[in-house]
Amino acid sequence: MKYQKSKSTLFLIELMIAICFFAITGAVCVRVFASAHLLDRRTTALNHAVAQAESMAEAFKACDGAMSRITELYPDAALGRDESVLELYYDDSWQPSSQPSVYRLTLTRFPDENGCAAAKIQVTGEAQKDEIYSLEVKKYVKGTQP
C-alpha cells in the first residue's frame, strides 16, 4: 500500500504562513500610523507655538516692552511678582486659559541695555517639561539710550 500525501496539510501550512505574513504587516502598519499621529500632534503644537510666540513678540514690540500694556492685550495673562515675567496658558485646542493648562507661554523681560528692551519667549508643552519653541525679541526704545 502506497502512502499518499494529503493536500490539506500543504494548504494548512500555506495558510499559516499567509496569516503570519499579514499579522506582521499589520503590526508594522499600526506602528507607522501611531508614529504618524504623534508626529502630526507635534507638528500642530509647533505651528501653534510659533504663531503664539510671534504674536507675543509683536505685542512686546508694539508696547515698547511695557509689561503692564501687554497684559491689557492679553487679559488671561498672569504677571509675576517682579513684573518681569508674564505667563499665559493655553488648553489642548490652543485657546487661552486663565489657569495652568496643557501649554504655557512665558515672556521673560530682561533689563534694558543700550536703549533696547529685550525679552525671551518660551512655549512649553504638556506638564511644562518640554520646550516646544523659544524666541528672543529686542526693540529699540526711543529716549532710553544712555
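Student: Which residues form one aromatic cluster?
Tutor: This is a predicted model, so local features need pLDDT of at least 70 and side-chain atom pairs count only at pLDDT 80 or more, while totals for chains, interfaces and linings use all residues. Residues are numbered from 1 along each chain as its sequence is written, and side-chain values use heavy atoms, leaving out hydrogens and water. Rings of Phe, Tyr and Trp (its six-membered ring) pair if their centres lie within 6.5 Å; planes under 30 degrees apart are stacked, over 60 edge-to-face, and the rest tilted. The cluster is made of Tyr90, Trp94 and Tyr103.

Student: How is the pair of Tyr90 and Trp94 arranged, stacked or tilted?
Tutor: The search of the whole structure turns up 3 aromatic pairs. In this one the ring centres are 5.5 Å apart. With 40 degrees between the planes, the pair is tilted.

Student: And Trp94 with Tyr103, stacked or tilted?
Tutor: Here the centres sit 4.2 Å apart. The planes are 15 degrees from each other, and that makes the pair stacked.

Student: Why does Tyr90 count as buried?
Tutor: Buried means under 20% relative accessible area, exposed over 50%, and partly exposed in between (1.4 Å probe, protein chains only). Tyr90 counts as buried because its relative accessibility is 2%.

Student: Where is Val141, and which residues is it in contact with, leaving aside neighbours within four places in sequence?
Tutor: Val141 lies in the segment after strand S6 (131-140). Because its relative accessibility is 12%, Val141 counts as buried. Contact means heavy atoms within 4.5 Å, and by that rule the partners of Val141 are Asp64, Gly115 and Ala117.

Student: How far apart in space are Val141 and Cys63?
Tutor: In sequence, 78 residues separate Val141 and Cys63. From C-alpha to C-alpha, the distance between Val141 and Cys63 is 9.8 Å.

Notes
Helices (H or I, at least four residues) and strands (E, at least two) are DSSP runs, numbered from the N terminus.
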